[in-house]
Amino acid sequence: MSEKLDDNLPPLREVISKHGLSAKKSFGQNFLLDLNLTCKIARQVPDLKNSHVLEIGPGPGGLSRALLMEGVKTLTVIEKDRRCEPILDEISAAYPNRINTHIGDAMAIDMAEIMSGLDGTDSPVHICANLPYNVGTALLVKWLSGDNWPPFFGSLTLMFQKEVAERIIAKPNCKAYGRLSVLTNWRAKTRILFDIPPSAFTPAPKVTSSVVQIIPTKPCLAGLKMEYLEKITEKAFGQRRKMLRASLKPLGFQTSDLEEIGLTGTERPEQLDVPTIAKLAMLYQEKQSLIKTS
Ligand code: SAM
C-alpha cells in the first residue's frame, strides 16, 4: 500500500527516519503510515471542513496530515513526546495558520479551554485520535465526565483495541457489557465504524483495533451526576457475579430501595439496561444529598 501523502511533505517513513522517531512502548506508540487508512479515519469526522478538530497524540503526523488534506478548518494537537515537536513544526509550515500544537500530557490539559480560544466559535469542535493504548480509556472517561453537557465537542472518532471498542458499544446481557458501556451510553450514542488489522501499524500491535464513533446525546436521566454513576457501576460490575442486593449493600442500599425502582435485588448487573442503572445512580445521588444536608 502506498504511504506517499499528497501534500508535498515527505513520506512518513522518511520523516520518522530523519527525526529518529523510534516507537516507544512507554508512549503507547504504534504509528499508522498508510494514507488510505488515515484519510478513511479523517473522513468519518462529521462536518469536517467546517470544524475545528482536536487530535490527541499526533506522533509523526499521519492522521494529522490526513485531517488537513481532507480540509479541516483548524487542527489542534496535543502530543506528550517532545521528539515529535520538530515534525509537527514542519507540518505546520506546510499548512500556515491551521495548526495549534501543545506539547504535554492530554490527561493534564484543559481541552475545553484550549479549544474555546479558537476563531469562528460557531464552528463545531470534533475530536479524532489514534489513541495511545495506555491512556485511551482514561481519556474517554475524562471526556465523558464533564458536568457541562452537551460538552465542548460534537463527536469523538477514536481508535481503540477492538476488545475495548466492543466494551464501549456493548448492550446488556452480553459478556462485554460493563462499566465502560454504561458510562458511555447513558449520554452518548456509540458505534464501531470499522476494524484495522495489526499489520497496518508500525510496529504492529498484538491485537486488532477498531475505530469507534461517539456522539453526545441528552442524558437518559437529567440531573444525574457522573460521579454517582461511576460509584454504582464500580460496585455493581466490580463483583459481577454477585446479586445487586449484595454488591450495592456497601453503598447503603436495602432491598426495599431496589424494589422502589422495580428490581427484586436478585438481578446481576449485566441484566440491567443503562436507564435502569441510571435510576439506581440517581437514587444513590439523592441518598447522599440527604446525608450531606442532615
Ligand atoms: N497519531 C499517530 C498515528 O496514528 O500514527 C500516533 C498514534 S500512537 C498510537 C499514540 C500517540 O499518542 C503517540 O504519538 C504518543 O506519543 C502519544 N501520547 C501518548 N500518551 C500521551 C498523552 N498522555 N498525551 C498526549 N499524547 C500522548
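This is a predicted model: local features need pLDDT of at least 70, side-chain atom pairs count only at pLDDT 80 or more; totals for chains, interfaces and linings use all residues.
The protein chain is divided into domain 1, residues 12–216, and domain 2, residues 226–293. Their centres, taken over C-alpha atoms, are separated by 33 Å. At the interface, 15 residues of domain 1 are in contact with 14 residues of domain 2. The two domains bury about 1,200 Å² between them, and 67% of this area lies on carbon and sulfur atoms. Within domain 1, the residues that lose the most area to domain 2 are Y177, R179 and W186, which together account for 44% of what that side buries.

The interface also has polar features. Between domain 1 and domain 2 there are 5 residue pairs in polar contact, and the rule finds 1 salt bridge across the interface. The side chains of R179 and E230 meet in a salt bridge at 4.0 Å, N to O. On the side of domain 1 that touches domain 2, helices α6 (136–145) and α8 (179–185) each give two or more residues. The largest share of that side, 4 residues, comes from α8.

Strand β9 (residues 209–216) is mostly covered, with 7 of its 8 residues buried.

| Strand paired with β9 | Bridges |
|---|---|
| β6 (residues 155–161) | 6 bridges |
| β7 (residues 188–196) | 8 bridges |

Particular residues illustrate these pairings: S210 in β9 stands opposite F160, and V212 in β9 is the bridge partner of I192.

R65 lies in helix α3 (residues 62–69). R65 counts as buried because its relative accessibility is 1%, under the 20% cut-off. A polar atom of the R65 side chain lies 2.8 Å from the backbone oxygen of P10.

Notes. Residues are numbered from 1 along each chain as its sequence is written. Side-chain values use heavy atoms; hydrogens and water are left out. Buried means under 20% relative accessible area, exposed over 50%, partly exposed in between (1.4 Å probe, protein chains only). Two strands pair if DSSP finds at least two bridges between them. A polar contact is a pair of N or O atoms within 3.5 Å; within protein, one must be able to donate a hydrogen and the other to accept it, and residues adjacent in sequence count only if both atoms are side-chain atoms. Domain bounds come from an automatic or database domain assignment. Contact means heavy atoms within 4.5 Å. Buried area is the accessible area (1.4 Å probe) that two parts lose on being put together, summed over both.
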